[in-house]
Structures are given as C-alpha cells and as structure tokens.
Amino acid sequence: MTETTLSLKEAEQEVQGLREQINDHNYRYYVLDDPTIADASYDRLMQKLKSIEADFSELITPESPTQRVGAAPLKEFGQIRHELPMLSLDNAFNEDDLNDFDRRVRERLGIGSQVEYACEPKLDGIAVSLLYENGVLVRGATRGDGTTGEDITMNVRTIGSIPLQLVGNDWPARLEVRGEIFMPKEGFEKLNQRAKTRDEKVFVNPRNAAAGSLRQLDSKVTAKRPLDMYCYSAGIVEGGELPEKHADILERFKTWGLRINPEVRVVTGASACADYFSQMSEKRESLPYEIDGIVYKVNSLAQQEQLGFVARAPRWAIAHKFPAQEEMTVLKDVEFQVGRTGAITPVARLEPVFVGGVTVSNATLHNMDEVARLGLKIGDTVVIHRAGDVIPKVVRAIPDRRPDDARDIELPERCPVCDSEVEQDDEAAARCTGGLYCSAQRKEAIKHFASRKAMDIDGLGDKLVEQFVEKGLVSTVADLYKLTVDPIASLERMGKKSATNLVSALKVSQKTTLARFIYGLGIREVGEATAQSLVSHYRDLEAIKSATTEQLQEVDDVGPIVAAHIEKFFQQEHNLEVIDELLKVGVHWEDEAEPEEDVAQPLEGEVWVLTGTLHNMTRDEGKAALQKLGAKVTGSVSAKTTALLAGEKAGSKLTKAQSLGIRVVTEDEFVNLMQEWQQ
Ligand code: 9MJ
C-alpha cells in the first residue's frame, strides 16, 4: 500500500519521526505519568512503524520501539562482571539504629551540623544494572553476588518502562543506571488469578514473581509479565557529568526518560528521616507496589566519597526495614470455634511469633477447604503473614520441615461445644446443627444483638455475655431485658455501679429502629444494608415476617439464598417466641415514615464506599447522610462503585478505587458537596 511506494530515504525519515513520537509518548506515560494520547492512537503509531520496518528491514535498529517483543530463547544466561561492584545495604531495624547511623556519618564527616539525606522507599524486587552507550540500552544485568551477575539484556528490553533509547542528548556517552525491577501488586494479583484458572503454579509474592519472570531464558515469557522499574543510582559514568547531589541525579535521570520513584524526598537530620519513615509506614498499604523499608542516603556525593565503604556496603546509606510481615512458626494445634450461625471454623494455635509488629498466637484457617489447600498438618512449620491491621493468616506450610509425628487435621463429627451433629453445607462451611441449644451459638447471637450497629447496648462486652450464658442468667436475647442489678453485680469484675449502669443501658437500648432490630436478630446473610433494604421495602415487622421467598426477592439486593434464609428464620417457632418476648419486655421503635415523595434524592442510583478516618463525623453518620440522599453504601470497592469517600489513612480501598478510575472524594470535598446536595 502507501508504505511500499516510499523511497528508502522517505521511509528513513518516516521511521525516525514515528520513533521520536513513540519514545515521547512512552516518556510521558512512564516517567511523567501524564499521557497525552489514547491507547488506540499509540497502537496505530506502532503498527505504522512495524509495517514500514517490515518493508525496509535494513532500517530496523535494536533500539527501535518495535524491538521489545522478546527474542529466541537462550540456552543459558551469560555472566557479566560489574565494572564497579553493585553494593548491598546495611540494615537498621529501629530508630536507635537510625540514630547510630546518623551519628557515625557525622563523626566521620567531622561535622556537628545536620546531614542532608535522600529518603527512598526500599522496593522489594530485583536489583539490576542497565548500561547505556551513546544513549542506547546495550546491556542489562542482575546484581548477582555484587561482582558478577547474569546477562538479562533480552529480558529487560521487554519491559515497557525501560527506555531502549534515552531521551534528549545530554547524557554521558557511557552511563550505567541501577535500580530495582519489581512487579506491581495489581499485575501480580492478575497474573496469579490467571494461573489459578489454568491450574498453573501461583507465585508466593510479587518479589518471587518478578524474579521468576526475569530469570526466563525465553524473553517472550518475560514480555507477557507486568514488570516495572525504578532507578535509584548511577554506576559507570564516562563522557559526561552528573549533578553533585544524589536527588539531583535522580531528577536528571527523569529528564532522560528513566523512571524514578515519586516518593523520594530530601530531608535534613535523623529525626526528619524518622518522620519520613512513619509517613511511609502509613502509606505502605496503599502504594501500588510492595516495599520492605526505607533507604536513607547521604545526599552530597562529595560527602559520600568521604565516607566510603565497609566490605560491600556504603557507609553513606542504610536500609531501615519495616517489621517483617512474614515469619515462620509451628502449628501446635487446630481447634474448632463455633460462630453465631453455627459455622465451625478451624483456628490455628501457633507457637507465638512476632510478625507485622505484633505477637501472633492464633490465626483463622477459615474452613476445611483452606486447610486442604494449604496441605496442613499439626506440627508443621508454617509461614504467617500479617500486614497493616489485617488479621494474621497462615499462607503456607513448609513441607521439608514436617516432623514424623505430624497429625492430620480432622473436622469433628460433633460440635465441640454442645455435641450436636455437624453437617456440611454447600458453601464449604461445616455447621453445628444445635442452633440456640448450642451455648456457643447463643453467646455469639447475644454478642451480635448487643453490638454497636445492632441494639448498641453500652457496657455489654463479650466477656460479660459469656458469663451470662455460662451462669445460666441469659439464654435468649430477650432475657437480657429481665436482668436485675444484683445478679449482674455478683459477676467477675462487676460491682453495684457497673451493674446499675448496664441495667440503664439496657433500658436505653429498648428504644431502637426497626432496621437495627432486624439486623440484631442475626439472620444469616442479613447485614446492615439488607436489614435497611427490608425495612425500606416493607416498613413493618409483620410484613417482613410473613413475606415469602419469592416476595422477598423483590427487595433490593435480596437474592434467592438470602430470601430463603429470611423465610426460614421467621418460620422457626423459637425465633418467633424470642421476638414476641422482646416486644413484651419493652423493645420498641417508631413506625417507619412513608417516604416523602418530594424529598430530593440527588444520589439515587449511586453506590458509595467509605474508608479511612473522618474528622467531622463518624463513619456511621457519613453513611446515614449518604443513604438519606438516596445513595447505596457498600463495604467494598468494585466496578459498580460510583465514588469512594476517603478519610485519613485510607488504605487498600483507595488504591483499588484509583486503579479502577473511580471518583475519590476527600472529607473536605464531601462536606462541601453535602451542603450543595442538601440545598
Ligand atoms: C531499593 N531496593 O529500593 C538502593 N533501593 O542504593 C534503593 N536500593 C540501593 N536504593 C545503593 N531505593 C545500593 C542499593
């Protein structure tokens, strides 16, 4: 077509123009994070370049953006001897270690004043070296043992964010750039999900996935993996100069199209380093990649030179590690807990281990499918993961460390609490069939009824509920309202005053709302949102009680399973008796008003999620305000979410919303919007 009619000279010009445009778009996309072109238009430029190169193969150069797709598989990796050794870093595990480092730096420099440091997130990836000659990427190597690494040139060439040709023309003629190749969290999740659906091996963590992807002899495999790189230092520099401060070098790298971590900051003194460390600790979960600490580097290269090295590590830098999120320990036993709805959950009893900043001695194993998936036996050495405020998890067993006397984990045939039969339901859960005969289920049902989002009985904590049930003072939730001061006062850690307070709190809780009451009944699968939907639809208890499975499915968000649970609940005689008792002992609520037709519902049809800490209101108040304006409020971010209200310390929900391109509203914006909406 048109291309074949081009002369070689015209083709050469065209090819050059296209490469410049593509490289410029790559720079904007990967380095500036500010793309100015749609994906489809970018693809068209690439197609055009490919098609001209197909007709004029003499114009193909290794640095052409078309030459990333992966080459023929290698037999083995070549060895690369690093001209300048690639250093490792000493570690600091706490603020004392950081202060000692800073003191040593100042003593060696012979200065009393504060030192300027560059602070960088410490990526948990693979350290690599990239060599550019006359601006063209000619070699990529792993760090290896610091002296000799592996030649992974073909593999690094497939990584989109690594420029094959540096931008501009003021780079040194020979420039070695060092940094970390990593796999972003989202890409890792997707890769593993795909592996799972194909019954392939999943990677344990993003670091292993990055290492595995980079160590492929077939670079076409690497090309399909979501790898990325941040550059953090220079090695060889010949035929050109770099700035005199570390952070300025990184800025200069950026102008050449090399990707730099946007979180890098320059600070003065050790206490500012510690501040940076705590800020990043909070931000850690919401970052799109994994980090395992912070690196502090003396910013002045002259000072770095003065400080020099010990063994393989520079005296001018230190890695301040976050507490490990994964540790090994021994699974001592597995016990079975009975929940509110009878679900029997295996719980791991562990040799206590310090992980993610706390000592962990128990971890839920969810259900027997999970036990089977992990291939666990009692006595196994296991890896425990705890990140942020998340509940600790057993992530895998180490088969090599299994002792000879390891025991199988077996689901009991009878409930460990009430000895009723255990039945397996279709959702991988085992359940005690004892219902409210089972004291464990009674305890959990009462705790749920008393909880903040249900009847909100102030001062009725878990321990007290357990004593009530064990002492036979309470067997149904209605019995709570028959309690008097004396028997309560005689319980452990209780006195006359706290007993009197509890009786008053019970009295206060009698006045409630129908939605709280329904939620408090603890019907399976009926959370707060469903309780609210039932009330909005039926507006009174009698109507809900008598609704059939079919009718219930007309309610927002109620599907066949939930509807069946609701109908079944209200068919059980003892549940109806407890409800009658509750009404008899004084629990009441105001009639639900008819919806006011003319109230503006500006958020009708919208789905909101709240996360983080709010300062002008509680999360419940924010939620109620949104619901009043017609929005539906859910607990997790998905493609159906309209907007995320993100308070302070918003974590993974914020990251997810950002990755899905969902609107994020700060608390201040929300307060302003509320004023507009309510007008
Ligand atoms: C990581 N892993 O993110 C260094 N690193 O500097 C950063 N590693 C490093 N710097 C000198 N940000 C040797 C290693």
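This is a predicted model: local features need pLDDT of at least 70, side-chain atom pairs count only at pLDDT 80 or more; totals for chains, interfaces and linings use all residues.
1. The ligand is surrounded by Leu87, Leu89, Glu120, Pro121, Lys122, Leu123, Glu180, Tyr232, Val295 and Lys297. Sorted by class, this shell holds 6 nonpolar and 4 charged residues, with no polar residues in the count.

2. As for the strands behind this shell, E3 (116–123) and E10 (291–298) each supply at least two of its residues. The largest share comes from E3, which gives 4 residues to the shell around the ligand.

3. At Pro121 a polar backbone atom lies 3.4 Å from an oxygen atom of the ligand, whereas at Glu180 a polar side-chain atom is placed 3.4 Å from a nitrogen atom of the ligand. Tyr232 also brings a polar side-chain atom to 3.5 Å from a nitrogen atom of the ligand. Taken alone, the ligand exposes 340 Å², and the protein buries 91% of that area.

4. Which residues lie nearest the centre of the largest cavity? They are Asn23, Asn26, Arg68, Pro163 and Leu164, out of a lining of 16 residues. By class, that lining is made up of 8 nonpolar, 6 polar and 2 charged residues, whereas the shell around the ligand has no polar residues.

Conventions: Residues are numbered from 1 along each chain as its sequence is written. Side-chain values use heavy atoms; hydrogens and water are left out. On a 1 Å grid over the protein atoms alone, a cavity is a set of points where a 1.4 Å probe fits but cannot get out, and a pocket is an open set with protein on both sides within 12 Å along at least five of seven lines; lining residues have an atom within 4 Å of a point. Ala, Val, Leu, Ile, Met, Phe, Trp, Tyr, Cys and Pro count as nonpolar, Asp, Glu, Lys and Arg as charged, and the others, Gly among them, as polar. A residue is near a molecule or strand if one of its heavy atoms lies within 4 Å of it. A polar contact is a pair of N or O atoms within 3.5 Å; within protein, one must be able to donate a hydrogen and the other to accept it, and residues adjacent in sequence count only if both atoms are side-chain atoms. Accessible areas come from the Shrake-Rupley method with a 1.4 Å probe; for residues, only the protein chains shown count as cover.
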